[in-house]
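Here are some comments for a colleague who is opening this structure for the first time.

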Amino acid sequence: MKTDIEIAQEAVMKPIAEVAAGCGMTPDDLEQYGKYKAKLTDEYINSLSDRPDGKLILVTAINPTPAGEGKTTTTVGLGEAFAKLGKNAVIALREPSLGPCFGIKGGAAGGGYAQVVPMEDLNLHFTGDFHAITSANNLLAALLDNHIQQGNELGIDTRSVVWKRCLDMNDRVLRNIVVGLGAKTDGTVREDHFVITVASEIMAVLCLATDRNDLKERLGRMVVAYNYAGEPVTASQLNAVGAMAALLKDAIKPNMIQTLEHTPALVHGGPFANIAHGCNSVLATKTALKMADYCITEAGFGADLGAEKFFDIKCRMAGIKPDAVVLVATIRALKYNGGVPKTELSTENLDALKKGISNLEKHIENLKRFGVPVVVTLNAFVTDTQAELDFVKQFCEERSCAFALSKVWEKGGEGGIELAQKVLDTLEHKKSDFRVLYDTELPLKEKIETIAKEIYGADGVVYASAASKQLAKLEELGFGNLPVCMAKTQYSLSDDQTLLGRPEHFSIHVREAYVSAGAGFVVVLTGSVMTMPGLPKKPAAYQIDVNSDGVITGLF
């Protein structure tokens, strides 16, 4: 069986200008990074403004398990299947982070015969967007510490600095550090922290900005510290906005690559859904909606995180409305949720399936709260039995969800025809009545509790004393009317990753809250979720190499 990277390296890619031509674009509409990847020009994006929007299809999933679900694979394969049916579709994805690529998760280009290429470029440096975001983030950190060193005109309380440095790598020893050691000229000694780049507020800002002017306004609003009077100090007050925007000049432009079957793909931005808002850029999604009749996009991790944030943060801010949702699951993952060890998932076990399908059931219920039609798809494995498939199909149809088996990993677009037809039929016969979950005018705690109870299924929320004070302070400062971005483990509906299936009689534990004023939401940290992950005992990096011809191996 070929690996994903072997399949990708054997693919015959079209020049990206040729792929773009299929969308009615000319070479002048692209800024090419080699033959196979490009950024869209400002002029091209502006030229689309009068076009009507296409249909918006969101791909999400059940809670991820070690057994795998294949959300990105399904997104890519669905786009390929639309093309095979003669439909004009563009897919919109996030860019991968180096952290999980060298850690445990691997890359994020899809899999099998449903991948975007060039996958090595995408999973590594790509067009440099993440490097630009990292540089802008750390420039702001340097300007902040320099301001304190040069007299601290703004009266910044060094015990109340909230801006963190970042790095696009899993590096646990940087979570909590001390800076400014040495001579007096080396700065003020204080505790500092690093987050992974995908958790940086600048990543969220870039992904929610509608243009450069909006980007600069959002960058200016970012809170970096508090002064001795307890008032927020912003990036604008540090005169950092212009220089950061200059570093992000090209990063704000969406990137275009292709699937193995040459379907156009816009890949732009990459906030994690467990610690950030988990969606690709608003600019890429809105551009894709103008470029094609159908935009197929995804939201990170399970629907309790990615989809909820897609609806309540991204759609609310961008003024877009999804027309349908594809909910991805696998028989293996459902059995894992039913208590079957990873080593025994290849054996038929209807009892475990009946128990574990409660996770799928909860996600179906959650998605229906937003008024969007749901299509459930099972990402097929050769070990799936007909009895297991029949059970899930009946389960979904009893809940008024269309159902389709997906074989895109094995067969590419051809393996997604059944799913594509079900999605098209749903779009034709079921109208989306999209609505957000909560009103932003509600108090912050009420918004948090709404998500905890209605989406996670919790009995309630327990707040650490510090978190309650932080939430009260944020409301006092005027940030109470922002949506909330929940930082929570992706592995469970609860904040305890060991509670699989559909947990009951649990509480969500909020330990910290802070404002991302530029992004426009309040981040709420629950359980033990980390904003700087660590590497596993045997990182994926051990297997990655490059030969004398420059061919990369072991990326998957």
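**Notes on the salt bridges**

1. Lys335 counts as buried, because its relative accessibility is 1%, under the 20% limit for that class. Please keep in mind while reading that this is a predicted model.

2. The partner of Lys335 is Glu388, and the closest N and O atoms of this salt bridge are 3.0 Å apart. Lys335 belongs to helix H13 (residues 331-337) and Glu388 to helix H15 (residues 386-397), so the bridge ties together parts that lie 53 residues apart in sequence. Glu388 is buried as well, with a relative accessible area of 0%.

3. In total, the structure holds 26 salt bridges.

4. Asp53 forms a salt bridge with Lys290, in which the closest N and O atoms are 3.1 Å apart. This pair links distant parts of the chain, since Asp53 sits in the loop between helix H3 (42-47) and strand S3 (55-61), while Lys290 is in helix H11 (residues 282-291), 237 residues apart. Asp53 is partly exposed, at a relative accessible area of 47%, and Lys290 is also partly exposed, at 22% relative accessibility.

5. Asp192 and Arg165 form a salt bridge whose closest N and O atoms are 2.5 Å apart. Here strand S10 (residues 190-192), which holds Asp192, is linked to strand S8 (residues 165-167), which holds Arg165, and the two residues are 27 residues apart. Both Asp192 and Arg165 are buried.

Technical notes: Residues numbered from 1 in each chain as written. Predicted model: local features only at pLDDT ≥ 70, side-chain atom pairs only at ≥ 80, totals over all residues. Heavy atoms only, no water. Salt bridge = Lys/Arg side-chain N within 4 Å of Asp/Glu carboxyl O. Helix = DSSP H or I, 4+ residues; strand = E, 2+ residues; numbered from the N terminus. Buried < 20%, exposed > 50% of the residue type's maximum accessible area, 1.4 Å probe, protein only.
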